[in-house]
Amino acid sequence: MRVIDLIRHKRQGGEMTRAQINFLIEGYTSADIPDYQIAALLMAILWRGMTHSEIAALTDAMLRSGRTLDLSDLPSKKVDKHSTGGVGDKTSLIVAPIAAAGDLVVPMISGRGLGHTGGTLDKLESIPGFNVNLSLVDFRRILAKCGCAMIGATEEITPADKKIYALRDVTATVESPALICASIMSKKLAEGIDALVLDVKTGSGAFLKAEKEAVGLAELMVETGRRMGKRVVALISDMDQPLGRAAGNAMEVVESIEILDGGGPADLRELCLELSAWMFYLGERVPSVPEGKRLAADQIISGRAKEKFREIIRLQGGDEAVIDRPERLPKAQHTVDVTSPADGYVQATDCEKLGLACVALGAGRNTKEHAIDPAVGLVFQRKKGDAVRQGDALCTIHYNSPAHLDYARRLIAASFQITGEPAARQPLVRRVIGASGES
Ligand code: URA
């Protein structure tokens, strides 16, 4: 088998066999196949797509590129949640402690920033000392002790995703439903979970912008999970504007702590309660989703979720004092506002541009080797539907280097659409896929 023939076959729209997919994934994981050939293959997949059997084979090959966890010795249900990626989406940092505080086990394997979106691992690493590269032994030990641990794909677990994910990030090959499905589901199926809640984003800040595409991806992932014997639902949620008020690694940790403290922006709190409710329901802690929501809210009101986050940070080597003193997190040296050019209402935001502005400031990567700046980011002063006067701040940029400031400013200014009419509000959760199989 020659890699070049397989690239050409896919480029021409052909279907790959399970054996060919195994050959490619094994060869790339062991470094026998170089980055440039896999980059070309990923681009061919992005253009040509994959059949359901190719996606199943790819997910399986990536899952088997490393070890899988058997957590059956832990008595509680193992439930995770994963997002397809958005701007300001820090829900993992909030729902994982809520679910663990409510007696679920959450073995979370997450990703880094991808394209214009942020990643849980980069956010967690903005907490001084926080180690997302735990060995499997430590991952298990922490799960057994506190019910939650958060790591990335490693040399041990889904190493194929670790390599492919980093390559997709810098080769404009993220936006492929097949690649997103295989990336997410291989990590999640390696975790030894009983159930999974997916947050599939739709709108201008999502990878798959049209709701129809997002629903297609959700159905694909729910089906892949079901075939592997897991209870899976997918919430289709709005990413036409950033979630919450902040985007940028350390700034999102601060906002997550605010939510765990009972404050924070209403949209972020609502989505976190909804996601946690489904986790409690699928994990059989409650007989209905509304009761799951009450249980989730209780974890915040009682302070248990915040204490759980503190414990996770401590056990993963981080500075737990950030919970009480978020000012210990990295902070950018300068701020500047982008202001409204006119009176009116925020009609729409091009959310992808806002994410790209964050990346330009240093919050994300342009090459695999790029080190990110944990302190920089954006605070959204106005959201969709808000009234503004000319000169009001729409967004505050937190930056360290002026190098790409003008570019970021232009992206942000171009992102906000101000009109004379108030914008119609969209529901945050548009629909739930896979729920019918659950009742
Ligand atoms: N999150 C992942 O883990 N993988 C993707 O491809 C997209 C979002």
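This is a predicted model: local features need pLDDT of at least 70, side-chain atom pairs count only at pLDDT 80 or more; totals for chains, interfaces and linings use all residues.

User: What share of the residues is buried, and what share of the contacts joins residues at least 24 apart?

Analyst: Of the 439 residues, 60% are buried, that is, under 20% relative accessible area. Among contacts between residues at least 6 apart in sequence, 77% join residues at least 24 apart. The exposed surface comes to about 16800 Å², with carbon and sulfur atoms supplying 49% of it.

User: How are the charges of the protein placed?

Analyst: There are 54 positive and 56 negative side chains, and the centres of the two sets lie 1 Å apart. The structure holds 38 salt bridges.

User: Why is the pair of aspartate 73 and arginine 140 called a salt bridge?

Analyst: The closest N and O atoms of aspartate 73 and arginine 140 are 3.8 Å apart. The cut-off is within 4 Å, so the pair counts as a salt bridge.

User: Which parts of the chain does that pair link?

Analyst: Aspartate 73 is in the loop between α4 (52-63) and β1 (79-83), and arginine 140 is in helix α7 (residues 136-146). The two are 67 residues apart, and the pair links distant parts of the chain.

User: Why is aspartate 73 called exposed but arginine 140 partly exposed?

Analyst: Exposed means over 50% relative accessible area, and aspartate 73 has 54%, so aspartate 73 is exposed. Arginine 140 has 29%, which falls between 20% and 50%, so arginine 140 is partly exposed.

User: How do you know that lysine 353 and aspartate 350 form a salt bridge?

Analyst: Their N to O distance is 3.0 Å, within the 4 Å cut-off, so the pair qualifies. Lysine 353 is partly exposed at 28% relative accessible area, and aspartate 350 is partly exposed at 24%.

User: What separates aspartate 406 and arginine 409 in helix α16?

Analyst: Aspartate 406 and arginine 409 are 3 residues apart in helix α16 (residues 405-415), and therefore about one helical turn separates them. Their side chains meet in a salt bridge at 3.8 Å, N to O. Aspartate 406 counts as partly exposed at 48% relative accessibility, and so does arginine 409 at 33%.

User: Which residues are linked in a network of salt bridges?

Analyst: The network links Glu211, Asp238, Asp240, Lys384 and Arg430.

User: What makes the phi of aspartate 103 worth a remark?

Analyst: Phi of aspartate 103 is positive, about 75°, although the residue is not a glycine. Most residues other than glycine have a negative phi. Aspartate 103 lies in the loop between α5 (91-101) and β2 (106-110), and is partly exposed at 48% relative accessible area.

User: Where is alanine 172 found, and what is its phi?

Analyst: Alanine 172 is found in the loop between α8 (159-169) and α9 (177-190). Its phi is near 55°, a positive value in a residue other than glycine. With a relative accessible area of 55%, over the 50% cut-off, alanine 172 is called exposed.

Methods:
Residues are numbered from 1 along each chain as its sequence is written. Side-chain values use heavy atoms; hydrogens and water are left out. Buried means under 20% relative accessible area, exposed over 50%, partly exposed in between (1.4 Å probe, protein chains only). Contact means heavy atoms within 4.5 Å. Accessible areas come from the Shrake-Rupley method with a 1.4 Å probe; for residues, only the protein chains shown count as cover. Lys and Arg count as positive and Asp and Glu as negative; His and the chain ends are not counted. The place of a charge is taken as NZ of Lys, CZ of Arg, CG of Asp or CD of Glu. Helices (H or I, at least four residues) and strands (E, at least two) are DSSP runs, numbered from the N terminus.
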